[in-house]
Every structure is written in structure tokens, then in C-alpha cells.
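Colleague: Could you take me through the sheet, the aromatic contacts and the charges over rings in this model, with the cut-offs stated as we go?

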Amino acid sequence: GGFSEVKLAKHRETGDLCALKIMKNDGKIDKGMMDLVRNEIDIMKNLNHVNLVRLIDFSESEELTTAHGRKMNVSYLALELANGGELFDFIAETGQFSEDVARYYFQQMIAGLEHMHVNGTSHRDIKPENMMLDSEYILKIADFGFSSTQAMNETRKGTDGYMAPEIYKGVKYSGASVDLFALGIILFIMTAQHPPFASASPKDPHFKLISTNRSEMFWKVHTKRKEGGLDYFSENLRDLITAMLQYNPQERPTLAEIKSHAWFNEPTPSEEEIKEEFTQRHEVLAESNMQADEEIP
């Protein structure tokens, strides 16, 4: 964010690469920002899963010597390197995913969240920008600053567009439940390349169709201009997303119920097929970024 800088770093002894998040420790950083960093450290120390970005090391007080020889006090987090890019960029710049590919990554998201939830932690800022890919295109959930170890929460945390309706209402909410709600939004985005609604508010015309039990109309609206019409999304996918985006959290499926859903258990591509497809997508993304850089005056 605006108060930190991320550098590619290499361990002197092992040669291993990592992402080094560096923050000036000069007393000028907002206390709320430092609280987020400390919360992120406390959360990550107790997590260890292939689909979560791993905390390698951290320090609240170190001396950094710049390339010009200037010394400054800093705090840092050394994080597992996920240099394959953000899931958001792949969707936005290289197109929507097939349902098989979406399922491949959705299963990894569920696996990472399950590890968090079993360990009593919710993420509370699930969105495509916090879904990273490593060099092998394995998904890693990142950014744990808003995470919570409380079963029920009251603070408004997250990103507009991915927040569950109970957060907007200002009532107590389950961190695990709002994580899964946000995951339902991501599942829609992966297959449609656009969000299902602007916000999970009864005033939002698209979300209102779900909250008033008019899901059939919701899907008709979203497939009106898509090839194949309603069949653009499979029936099983429509069923799962509709269930995950219910207004009442008590009516949404649990993590275990999601894992037993018919769509979740359909075939997925092999790792080799994913690498082949995303190597091509990565080339498209790199070319798009290069063109964007050339357009900057």
C-alpha cells in the first residue's frame, strides 16, 4: 500500500527469492496501518498451507542501508514469492476462464480458506486482487491485514463489491461466512469476466433479484447478451453461485456443503494443461502491460 514498498529479495545464504515488504519505522506511520501489519504477522505465523502466501520472516526494527549509503530504521515482512501475477489481471486482460479452469482455482481457494477457518481465522478481504499465482500457476491467497480470529465480527472490513450484505447492515457477522460469500462473487467473475452486482445491497438491481428469490431472472439478465444464452453458465454452476450469494447467511452453504456440491466435483484440468494455458495467458498479459507502459507519456 501507500505506506510500504515491496522489493524482490534474495537470502544471502540460501539464495532463495522472496517478496520483501518494507515500511519506514520513523514514527510517522499511522498507528492504524501498523496495527494492520502486526495483525497480518500474528495471523500468518499460525498458518501454513500451499494455497496461502507463507510468512518467511519479519522484524519490527531493522536498519536498512540504501544504495546511496543512507541508513534508516525499517520494519519488514519477508513473504513467499508469488510472481505469476494476480488472478484479477488474468481475468481482466486475458478473458474469462472456462468452468473447468475456474473449478481448478476455486478448489484451491476453498482449500486455502478451509485451512484458515479450521484454525479459527477468517480473511475478510477476499477478492481477485488478493489471489496470487506462483511461477507454477498455483494459487496463493494473500494480504491478511483484515483477518480475524473472532468467530463473530462487527467492524466493517473488506472491499466494496465483495462485502456480504450483513456487513453493509452493520450487524454482527461470521467471518467465515463472509469469506465464502466473497468467493461466490469471484466464482462468478472468473466465468463471466464481470461482477454479478455492484454491491450486495437490496437496492442494487442485480442483487435484489437474488435477495427476493428471483434468481432465474438474475441469470436471464446476465446471459441476455452472452453466447448460448442461459446455457452460457452450466446449471450446476448457476445453482452453486446462487446458493453462495443468498442474502440470509443461514441459507448459504457451509464449506463442507460447497465441497460436496456437484459442480465442485466435476473434472478439472491437469497441472500440465494449466501451465500450458496460463503460459499463453501470461504472454498476452505481458504484451498488454508493455503496451500500457508505452502509452504513458
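Modeller: To begin with the sheet, strand 5 and strand 6 (residues 131-133) run antiparallel and are joined by two bridges, where strands count as paired if DSSP finds at least two bridges between them. Helices (H or I, at least four residues) and strands (E, at least two) are DSSP runs numbered from the N terminus. This is a predicted model, in which local features need pLDDT of at least 70 and side-chain atom pairs count only at pLDDT 80 or more, while totals for chains, interfaces and linings use all residues. Residues are numbered from 1 along each chain as its sequence is written, and side-chain values use heavy atoms, with hydrogens and water left out.

Colleague: Which residue in strand 6 is the bridge partner of Gly85?

Modeller: The open sheet has three strands with antiparallel pairing, in the order 5-6-7. Strand 5 (85-86) and strand 7 (139-141) stand at the edges with a single partner strand each, so one side of each has no neighbour in the sheet. Within strand 6, the bridge partner of Gly85 is Leu133.

Colleague: What angle does the direction of helix 3 make with that of strand 7?

Modeller: Helix 3 packs on the sheet and touches strand 6 and strand 7, contact meaning heavy atoms within 4.5 Å. Axes are lines fitted to C-alpha atoms, for helices over the stretch in contact, and angles run from 0 to 180 degrees between N-to-C directions. On that basis, the direction of helix 3 makes with that of strand 7 an angle of about 35 degrees.

Colleague: How many aromatic pairs does the structure hold?

Modeller: Rings of Phe, Tyr and Trp (its six-membered ring) pair if their centres lie within 6.5 Å, and planes under 30 degrees apart count as stacked, over 60 as edge-to-face and the rest as tilted. By this criterion, the number of aromatic pairs in the structure is 19.

Colleague: What is the angle between the planes of Phe106 and Phe264?

Modeller: Phe106 lies in helix 3 (residues 99-118) and Phe264 in the loop between helix 9 (255-259) and helix 10 (271-295), 158 residues apart. The pair is edge-to-face, with 6.0 Å centre to centre and an angle between the planes of 70 degrees.

Colleague: How far from the ring centre of Trp263 does Arg103 lie?

Modeller: A charge sits over a ring if NZ of Lys or CZ of Arg is within 6 Å of the ring centre and within 35 degrees of the ring normal. Lys226 has its charged end over the ring of Tyr232, 4.9 Å from its centre. Arg103 lies over the face of Trp263, and its distance from the ring centre is 4.4 Å.
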